[in-house]
Amino acid sequence: MKRWLIWVPFAVALGLLALVGWGLYKPADRTVRSALVGQRLPQFALPPIVPGKPGLATAAFATGKPRLLNVFASWCIPCIAEAPQLLKLKQAGVEIDAVAIRDTPAAIAEFLARNGDPYAAIGDDKTSSVQLALGSSGVPETFVIGGDGRIVLQHVGDIRAEEVPGLIAAVRNAR
């Protein structure tokens, strides 16, 4: 019996080593999810960032019509990559509003001229206060907002072509 006890520390050490190895090689999900999914949008009012396009306020989202809220920036490379998908969403009849994070009017105007403009309104979030209030951890990020002003879905990262039909369905199914 005592012979087997001598192997217990070795087995425990081997088990711990296997656990550490598994933790090192398993892909980590570092996605930060908003705690506001299912809740109303926080109160905000952002001024416009480009001439000819309105700013953005919470009241615009309680009109009975579901829509997307895209958090983006002109300096964001993945935002450039998702621009064609946002244009496809707009062509499908999805209304898209945006929050521009820590940007300038000239840079946003250039971004829209180069990549297309799918947005009905763009608010200027100079200090990222609205981004943080939404629970957004970075750019790009897109939220499906129901017609009652509630956050229905959060999409973290750039929108890929294969995700467009799912977002269209999410907007159409949102109330």
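## Strand pairing

Two strands count as a pair if DSSP finds at least two bridges between them. In this predicted model, strand β3 (residues 67-72) pairs with strand β4 (residues 96-101) in the parallel sense, over 5 bridges. Phe 72 takes part in this pairing: its bridge partner in β4 is Ala 100.

## Helices on the sheet

## The whole sheet

How many strands form the sheet, and in what order? The sheet is open and has 5 strands, in the order β5-β4-β3-β6-β7, with mixed pairing. Strands β5 (119-125) and β7 (151-156) stand at the edges; each has a single partner strand, so one side of each is left without a neighbour in the sheet. On average, neighbouring strands are turned by 20° against each other, direction ignored.

## Ser 136

Ser 136 lies in the loop between α5 (129-134) and β6. Is Ser 136 buried or exposed? Its relative accessible area is 4%, and buried means under 20%, so Ser 136 is buried.

Leaving aside residues up to four places away in sequence, Ser 136 touches Val 71, Gln 131, Glu 141 and Phe 143. A polar atom of the Ser 136 side chain lies 3.1 Å from the backbone oxygen of Gly 138.

Notes. Residues are numbered from 1 along each chain as its sequence is written. This is a predicted model: local features need pLDDT of at least 70, side-chain atom pairs count only at pLDDT 80 or more; totals for chains, interfaces and linings use all residues. Side-chain values use heavy atoms; hydrogens and water are left out. Helices (H or I, at least four residues) and strands (E, at least two) are DSSP runs, numbered from the N terminus. Axes are lines fitted to C-alpha atoms, for helices over the stretch in contact, and angles run from 0 to 180 degrees between N-to-C directions. Buried means under 20% relative accessible area, exposed over 50%, partly exposed in between (1.4 Å probe, protein chains only). A polar contact is a pair of N or O atoms within 3.5 Å; within protein, one must be able to donate a hydrogen and the other to accept it, and residues adjacent in sequence count only if both atoms are side-chain atoms. Contact means heavy atoms within 4.5 Å.
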